[in-house]
Amino acid sequence: MAAPAESLEAAAAVRRFDYDVIVVGAGIMGSCAAHAAASRGARVLLLERFDLLHHLGSSHGESRTIRDAYPKPQYPPMVRLARRLWADAEAESGYRVLTPAPQLSIGPRTNPSLLASIKSSSAEEVDLAQRWGGAFRVPDGDGWVAAVSEHGGGVLNATKAVAMFQALAAKNGAVLRDKTEVVDIRKGPAPEGGVAVATSSGEVFHAAKCVVTVGAWTSKLLRSVAGVELPIQPLHTMVLYWRAKPGHERDLASDSGFPTFSSYGDPHVYGTPSLELPGLIKINYDGGPRCDPDGRDWASGGGDVAGRVARWIEEFMPDHVETAGGPVIRQPCMYSMTPDKDFVIDFLGGEFGKDVVVGAGFSGHGFKMGPAVGRILAEMAIDGNANTAAEAGVELGHFRISRFEGNPMGNAKN
Ligand SMILES: Cc1cc2nc3c(=O)[nH]c(=O)nc-3n(C[C@H](O)[C@H](O)[C@H](O)COP(=O)(O)OP(=O)(O)OC[C@H]3O[C@@H](n4cnc5c(N)ncnc54)[C@H](O)[C@@H]3O)c2cc1C
């Protein structure tokens, strides 16, 4: 059947571009966005500055927690959407990247974030002495609360998950290019418009739309290409693995039902069950010192993070986890913090209008929502709005760039 003249014309206009969508940055967000756009039939180019699956950004390693226990109401709907999309991607690829686990939240009963998280996940208060071989010890008295949500938690294999979405993007026709640093994004020449994306090697690609998912490099790139100041501060963080004390390896193991956990208060410490490295358990501090993503202090960049975590272990898990000699493994990573710890998911605006979409500032808690964020970014680029988000009850108003206007460093509320 012949296509109507106007749609042929529209198709011809689109074909004037090399691609429909260029995605800049191949961490979890860019890889998910590339997959979501390519699945819609868009011609996608995914550009990554370093090697694919490198360890210099935020999406590498063996584990990230997924949980729907959240202090802020905007996130549980996004986690639920992401869960559905994680399952779809596992089914499409045949990979298994999500290992379910209970989620334990502990902390002082006066901590409002803890109480809100417990409520959001319908977690139930538990007696920790009866669970997991007594691995956790909380201070005596009524001042403390420990609650477990049996559903909605789990551990994601991070690097494997990024690889899965890159493989699926390629399978759906996306072109992936690594060792390709984007140095400029311009409005494309009239009359076609769109965007022109230039790389450090002098190549220029034209596309109707561009999605920018460059993690800790967001402020630098958007300042240089658009003069836009986004208050996204990179932090140098550490993934720390600790040895289980002899005889307690099974108590901490994922297949014994050991939970992911979050200990609210100061320091905020979190962990995942012993899974990827038998006999070792990941226990981290949620934070780290400010850093320049292009000039990190690899030797001591984490500050006294290991010391803070060791002191927490000695108070809360002294019988089960060994602190003598410090952590067995340290892996550097980066957070991209916004002042309110909420994401940035928005059109860049200004001269770019809706042609450039930004996904950034995931503030140390974005991985679990990667497939949802990727779907939303792809729909914003292709359709100009994110229908899936609206259907899933995800309120994108929380993630607008305009919330920083007139208050560029924002208010550090959590
Ligand atoms: C230690 C640690 C623990 C975490 N734990 C959890 C957790 O338990 N649960 C959870 O949900 N989240 C967690 N997070 C957060 C989560 O990992 C991040 O929110 C997420 O990985 C951010 O992904 P991204 O794609 O935005 O950034 P990145 O993964 O950094 O990807 C950005 C990519 O853009 C590339 N790039 C940069 N500039 C350019 C350029 N000019 N041209 C081309 N490419 C460019 C970079 O090389 C990089 O590959 C954790 C993070 C860390 C560091």
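Predicted model: local features only at pLDDT ≥ 70, side-chain atom pairs only at ≥ 80, totals over all residues.
Residues are numbered from 1 along each chain as its sequence is written, and side-chain values use heavy atoms, with hydrogens and water left out.

**The ligand and its shell**

Then select Gly364, which has a backbone N or O atom 3.4 Å from a nitrogen atom of the ligand. On its own the ligand has 1,000 Å² of accessible area, and the protein covers 97% of this; accessible areas come from the Shrake-Rupley method with a 1.4 Å probe, and for residues only the protein chains shown count as cover.

Now show the 35 residues around the ligand, of which Glu48, His54, Ser59, Thr65 and Cys333 come nearest; a residue is near a molecule or strand if one of its heavy atoms lies within 4 Å of it. Colored by type, the residues of this shell divide into 16 nonpolar, 14 polar and five charged, where Ala, Val, Leu, Ile, Met, Phe, Trp, Tyr, Cys and Pro count as nonpolar, Asp, Glu, Lys and Arg as charged, and the others, Gly among them, as polar.

In the cartoon view, β17 gives the most to the shell around the ligand, with three residues; helices (H or I, at least four residues) and strands (E, at least two) are DSSP runs, numbered from the N terminus. If you color domain 1 (5-60 + 159-232 + 340-404) and domain 2 (103-149 + 233-335) separately, you will find that both give residues to the shell, so the ligand lies between them; the domain bounds come from an automatic or database domain assignment.

**Cysteines**

Select the cysteine sulfur atoms next. With a disulfide taken as a pair of cysteine sulfur atoms within 2.5 Å, the count comes to zero disulfides. Cys32 is in no disulfide, and the nearest cysteine sulfur, that of Cys333, is 16 Å away. Cys32 is also buried, with a relative accessible area of 2%; buried means under 20% relative accessible area, exposed over 50%, and partly exposed in between (1.4 Å probe, protein chains only). For Cys291, the closest cysteine sulfur is in Cys333 at 10 Å, too far for a bond, and Cys291 is buried, with a relative accessible area of 14%.

**Backbone details in the loops**

Move to the loop between β10 (182-187) and β11 (195-199), where Pro191 lies, and look at the cis peptide bond that joins Ala190 and Pro191, with omega about 5°. A cis peptide bond also joins Asp266 and Pro267, with omega about 5°, and Pro267 lies in the loop between β14 (260-263) and β15 (269-272).

Leu53, in the loop between β2 (44-47) and β3, has a phi near 65°, a positive value in a residue other than glycine, and Leu53 is partly exposed, with a relative accessible area of 35%. End the tour at Trp132, in the loop between β6 (124-125) and β7 (144-149): Trp132 has a positive phi of about 50° although it is not a glycine, and Trp132 is buried, with a relative accessible area of 10%.

Methods:
Polar contact = N/O pair within 3.5 Å; in protein donor to acceptor, adjacent residues only side chain to side chain.
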